[in-house]
Amino acid sequence: MPISWDDFEKIDMRAGTITEVKDFPKAKKPAYQLTIDFGEIGIKKSSAQITNLYQKETLPGMQVVAVVNFPPKQIADFLSECLVLGVYTDKKEVVLLGPERKVENGWRIG
């Protein structure tokens with residue numbers, strides 16, 4: 001279903017840098033708890049089902065793109081504050097989306 005340009009502009013997507021990664025054993029599906037620095041809009045947390053392709057030690061310092069204006073979502077005992085974006089492979093594994101070069105945290109995608 002097509003959306004209007006006005007609908008698209010309501011989605012606040014920003015670049016941020018992962019600063020911390022924790023295991024999330026209480027999640028129904030394997031996931032990490034990410035802490036992401038979005039610069040001027042602050043630090044946000046996200047639950048991400050990316051354990052198939054990413055080791056938690058390699059994620060800090062990686063820049064990602066996330067939707068930052070969804071309402072927080074309770075996942076087990078964790079409050080996810082943004083949605084990190086990725087591409088699903090044919091095996092349902094998630095490949096993270098990020099800028100192809102370093103940008104300022106908090107810069108808007110548009």
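1. What share of the contacts in the protein with a separation of 6 or more comes from residues 24 or more positions apart? The share is 57%. Note that the model is a predicted one.

2. Secondary structure. The protein has 1 helix and 9 strands. The order along the sequence is α-β-β-β-β-β-β-β-β-β.

3. Pairing of β1 with β2. Strand β1 covers residues 13-23. Strand β2 covers residues 32-37. The two run antiparallel and share 6 bridges.

4. Pairing of β1 with β4. Strand β1 also pairs with β4, residues 63-67. This pairing is antiparallel too, with 5 bridges. Here glycine 16 has valine 64 of β4 as its bridge partner. When you inspect side chains, keep one rule in mind. In a regular strand they alternate between the two faces of the sheet.

5. Overall dimensions. The C-alpha trace spans about 40 × 30 × 30 Å along its principal axes. The radius of gyration is 14 Å. A compact globule of 110 residues would have a value near 13 Å, so the protein agrees with that expectation.

6. Burial and surface. Of the 110 residues, 35% are buried, which means under 20% relative accessible area. The protein exposes about 7200 Å². Carbon and sulfur atoms supply 55% of that area.

7. Charge. There are 15 positive and 15 negative side chains. The centres of the two sets lie 5 Å apart.

How values were computed
Residues are numbered from 1 along each chain as its sequence is written. This is a predicted model: local features need pLDDT of at least 70, side-chain atom pairs count only at pLDDT 80 or more; totals for chains, interfaces and linings use all residues. Side-chain values use heavy atoms; hydrogens and water are left out. Helices (H or I, at least four residues) and strands (E, at least two) are DSSP runs, numbered from the N terminus. The radius of gyration is taken over C-alpha atoms; the globule rule is 2.2 Å times the number of residues to the power 0.38. Buried means under 20% relative accessible area, exposed over 50%, partly exposed in between (1.4 Å probe, protein chains only). Contact means heavy atoms within 4.5 Å. Accessible areas come from the Shrake-Rupley method with a 1.4 Å probe; for residues, only the protein chains shown count as cover. Lys and Arg count as positive and Asp and Glu as negative; His and the chain ends are not counted. The place of a charge is taken as NZ of Lys, CZ of Arg, CG of Asp or CD of Glu. Two strands pair if DSSP finds at least two bridges between them.
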